Amino acid sequence: MTQMKKRSNRIDATDRLIITATQHGLPLLARPYDEIARQTGLSAQLVKQRMSAMLENGIIRRMGAVPNHYRLGYRANGMSVWDMEEARIDDIGGLVGGLYFVSHCYQRPRCLPLWPYNFFAMVHARSKREVEAKVARIAHLVGEASRSHTILYSSKILKKTGIRLKERREETCSD
Amino acid sequence: MKMSTGLSYRDLSQMDRSIINRLQGGLPVCDEPYEQIAASLGIGQCELIGRLSKLLEEGFLSRFGPIYNPERLGGAVTLAALEVPQERFDEVAELVNRHDEVAHNYARAHQLNMWFVIATEALAQIDEVIGKIEAQTGLKVLNFPKQKEYLIGLRFDL
């Protein structure tokens, strides 16, 4: 029994086949799992079983759409960083992480003296003003648990790979 | 990397917006998952699949499907930062970006003005990549590995 549990938390060759077949996306067909089954040589039943298990144990974070926030008009991206009291960080992380406009929320090490911040919450909005309003909402939740905070705006994307954008025309132009 | 094509989110129909909002939440693992979502949106399955392909093609969606957790697949990810002298910024950006392990890199308005994500197949390789970047740029890389994560589940409100 424990061995089975252990196994379900690690990926095996079957999972690997499924991951390889789906890491670029789920087939846009009425019966997508049948298509994955066809590609991997596994049964659709097994594919569904394994993917459900990977969802349940967090190997798959979620199944769904990844919006391209720039394209959707969310061009202001502010990395809010906070100098947070260690003892409060988990409670506050739970609250801040639940805000719909926060895409990533992490505890990370400080790097003194230059970097006193140990809590990062990435905020996306349509304008800087909107980022500021959203960061103010975080500040309200955080209260006195944070000694100071700031927002680092991205001024330019220098590199972004690993997403599949079909912008062929521009790619050839920039080459 | 700049998107200069004419279409903007303002051109999205109400149905496309509903699809994007609805599909961030998740897709059930069942024989005909699109059917279920389509029914809840009041459209047919073919229309949903057609619109979804178009949203992907036009770049409004980066991808659609399972989002794997790289760390759970044995890989490692970290956030790193550099303080780059302004006059060397482009040169350093190129040196950093040349590494395949650098997945994202952003210029940010701060003394630490370059922030990038390093993703590798194994944890030990993170330090190797950092070592190489330091040797190539002559700059100190600050490493901010995550100690705890409090979600991943951005939902856009269109």
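Which residue of S6(B) is the bridge partner of Gln107(A)? I looked this up and found that the partner in S6(B) is Lys148(B).

Before going on, I noted that the model is predicted, that local features need pLDDT of at least 70 and side-chain atom pairs count only at pLDDT 80 or more, while totals for chains, interfaces and linings use all residues. Residues are numbered from 1 along each chain as its sequence is written, and chains are lettered from A and ligands numbered from 1 in the order in which they are written.

**Strand pairing.** I then looked at the strands themselves (DSSP runs of E, at least two residues, numbered from the N terminus, as helices are runs of H or I, at least four residues). S3(A) and S6(B), the latter covering residues 148–149, run antiparallel and are joined by 2 bridges; strands pair if DSSP finds at least two bridges between them.

**Contact between the chains.** I counted residues as in contact if their C-beta atoms, placed from the backbone, lie within 7 Å, and I found 67 residues of chain A in contact with 63 residues of chain B. Several elements of chain A each supply at least two residues to the side that touches chain B, among them helix H2 (13–22), helix H4 (44–56) and strand S3 (102–107). The largest share of that side, 9 residues, comes from S5(A).

**Domains.** I took the domain bounds from an automatic or database domain assignment. Chain A has domain 1 (2–56) and domain 2 (76–153), and their centres, taken over C-alpha atoms, are separated by 36 Å. Chain B has domain 1 (10–57) and domain 2 (70–144), whose C-alpha centres lie 37 Å apart.

Terms used: Contact = placed C-beta atoms within 7 Å.
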